[in-house]
Amino acid sequence: MLVASLYAYAFLSEFILLYPVYALLFTDTGLSLAQVSSLFAIWSITGLLLEIPSGAWADAVSRRLLLCLGPLLSGLGFALWVLFPSYWAFAVGFVLWGTGETLVSGSYEALAYEELDHRGEAGRYATVIGRATAAGMIATAAAMALAVPVFAVGGHPAVATASVAACVLCAATALTLPEHRVRQEAPSYLAVLREGIAQTRADRRVTHAVLLVAFVVAVWGALEEYIPYLALEAGVPKAAVPLLVLLVTLGVAGGSMLAGPAERLPPRAYGLLLGLAALALAAGALSRHVAGFVLIALAFGAFQLAGVLADVRLQNRISGPARATVTSVAGLGTNVVTLGTYGAYGALSTYGSNGTTFALLTLPYLIIALLTARAPR
């Protein structure tokens, strides 16, 4: 029941038909690009401010409770967008969505790891979390495919209704998850917050794992947003761009599925994986040809695999009651590096093409590959 519920939760949390079309809602409402950018800033700031506090709350109260509340808040935000389409409704919706995401971040991984450990199956965490991530990717692809016909039939209300329904079902799924931590065993909020931050700073193994998660996950995650621009630069017709985005999404899902077999990769092999993925991404981006997107899909799949393995390494190194807090510290680091990558992309793209910018932003992976390959086993 645990594993099936984790997979169902991961799928429903990403089966949001509103994702591919909410930009149209903003446009139809008459928002300027400056206003849309400010909404994205509100969304990002919400995540930055609440990431660690929400992780500590999960450790101090109930991870299952937060996994239930998270999608409900997101669904409420989506409903506000369609019921009261205006800048301030969108702003409140982004705050609710950002809050919902922070409640889930850290809580999901911590509950999955500790419940598997309770069953004596902690060694399955890589396989389970990898397949759960793949389920989320498949849900994203399915939502992209269904959004167009649903939007054509019912417009924004139809895709919003489907999205809110998915959020409600996701919250209901959370209630089926087991949680063997009892409230009396959990420390106070401030105590667990101090414990999580102290463990991240004092234990070098945990610190290195947190940094690895942040950089490995963030850079390619930010670059993924620019895939359509890279495709257009390569001369791909606009109608074919979604197909290339889908190809990359499938590559990412494939990488997630390999997490179990690849769990015990030694440091040199892990570094080689990152290095080869960086070279493949650079080659695909610089090719200026549609065939290059096969290399990009393979590279993103490898980065996704490396990210899941980095999370596995982090979970194996965390001890004590502050697992969600430490995981949220990694989530905060990911958000910071993501924002930095966006800034770097914007700055570099003014001096060169999208392909060149992609290639330059693979450098962090090459550095991480070298450092990882030199690390002790």
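I began with two helices: R64, L67, C68, P71, L72, S74, G75, F78, A79 and V82 of α4 meet H156, P157, A160, S163, V164, C167, V168, C170, A171 and A174 of α7. Contact here is heavy atoms within 4.5 Å. I sorted these residues by class and got 15 nonpolar, four polar and one charged. (Nonpolar is Ala, Val, Leu, Ile, Met, Phe, Trp, Tyr, Cys and Pro; charged is Asp, Glu, Lys and Arg; polar is the others, Gly among them.)

The model is predicted, with local features needing pLDDT of at least 70 and side-chain atom pairs 80 or more, while totals for chains, interfaces and linings use all residues. Residues are numbered from 1 along each chain, and side-chain values use heavy atoms, without hydrogens and water.

Next I looked up the geometry. Helix α4 spans residues 63-83 and α7 residues 125-174; they pack at about 170 degrees, axes 8 Å apart. So α4 is roughly antiparallel to α7 (an angle over 145 degrees). Helices are DSSP runs of H or I, at least four residues.

Then I turned to α6, residues 107-118. α6 packs on α7 at about 145 degrees, with axes 10 Å apart. Y108, E109, A112, Y113 and L116 of α6 touch Y125, V128, I129 and A132 of α7. I noted eight nonpolar, no polar and one charged.

Last, I checked S54, in helix α3 (residues 33-60). S54 counts as buried, because its relative accessibility is 6% (buried is under 20%, with a 1.4 Å probe and protein chains only). Its side chain reaches the backbone oxygen of E51 at 2.9 Å. Beyond neighbours within four places in sequence, S54 contacts L66, T102 and L103.

Methods. Buried < 20%, exposed > 50% of the residue type's maximum accessible area, 1.4 Å probe, protein only. Polar contact = N/O pair within 3.5 Å; in protein donor to acceptor, adjacent residues only side chain to side chain. Axes fitted to C-alpha atoms, helices over the stretch in contact; angles between N-to-C directions. Parallel < 35°, antiparallel > 145°, perpendicular 65-115°, else oblique.
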